[in-house]
Amino acid sequence: MLTVASDIDVLARFGRALADPIRCRILLALREAPAHPADLADALGVSRTRLSNHLACLRDCGLVVTVPVGRRTRYELADERLGHALDDLRAAVVAVATDRTCVDAEDEGCCG
């Protein structure tokens, strides 16, 4: 049972990171391999500015890190266990709720 505030903060940070589909796509891409921002932007079909904002969020959440490569910067998951956690979380959610959709909190009051 989560009772320590820091445990709740950690899960809330992870939830905020996953709350945006682009950030989810970034995490899934980085799960496969580290990447440079320009390559990620092209692969995901988003502008470099938009990608940069999402990478900053993921970096601030502690989920991705930057690695200098010459004059460029490469992004990767902060810990390889995050890739496993994403796989496990996706599998668990699919296993328990394949017929559910989650509405926005502003709509019908999801989760509250």
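This is a predicted model: local features need pLDDT of at least 70, side-chain atom pairs count only at pLDDT 80 or more; totals for chains, interfaces and linings use all residues.
In soluble globular proteins, nonpolar side chains tend to be buried together. The largest nonpolar core here has 21 residues, and the members that touch the most others are Ile26, Leu30, Leu51 and Leu63. Two or more residues each come from helix H1 (5-18), helix H2 (21-32), helix H3 (37-44), H4, strand E2 (72-77) and helix H5 (80-96). H2 gives the largest share, four residues.

Leucine 63 shows what such contacts look like. Beyond its neighbours within four places in sequence, leucine 63 is in contact with Phe14, Ala17, Leu27, Leu58, Glu76, Leu77, Ala78 and Leu82.

Leu82 leads on to H5, where the buried residues are Leu82, Gly83 and Leu86. These residues lie on the same side of H5, because they cover an arc of only 110° around the axis. An α-helix has 3.6 residues a turn, so residues three or four places apart point the same way. Among what covers the buried residues of H5 are H1, H2 and E2. The other side of H5 carries the exposed residues Glu80, Arg81, Asp88, Ala95 and Val96. As for length, the 17 residues of H5 should span 24 Å at 1.5 Å a residue, and the 25 Å between its end C-alpha atoms agrees with this.

The last stop is histidine 54, in helix H4 (residues 48-60). Its relative accessible area is 10%, so histidine 54 counts as buried, the cut-off being under 20%. Not counting residues up to four places away in sequence, histidine 54 touches Asp20, Ile22, Arg23 and Ile26. With arginine 23 there is a polar contact between the two side chains, at 3.3 Å.

Terms used: Residues are numbered from 1 along each chain as its sequence is written. Side-chain values use heavy atoms; hydrogens and water are left out. Buried means under 20% relative accessible area, exposed over 50%, partly exposed in between (1.4 Å probe, protein chains only). A polar contact is a pair of N or O atoms within 3.5 Å; within protein, one must be able to donate a hydrogen and the other to accept it, and residues adjacent in sequence count only if both atoms are side-chain atoms. Contact means heavy atoms within 4.5 Å. A nonpolar core is a set of buried Ala, Val, Leu, Ile, Met, Phe, Trp, Tyr and Cys residues joined through side-chain atoms within 4.5 Å. The expected span of a helix is 1.5 Å times one less than its number of residues. The arc is that of the directions from the helix axis to the C-beta atoms.
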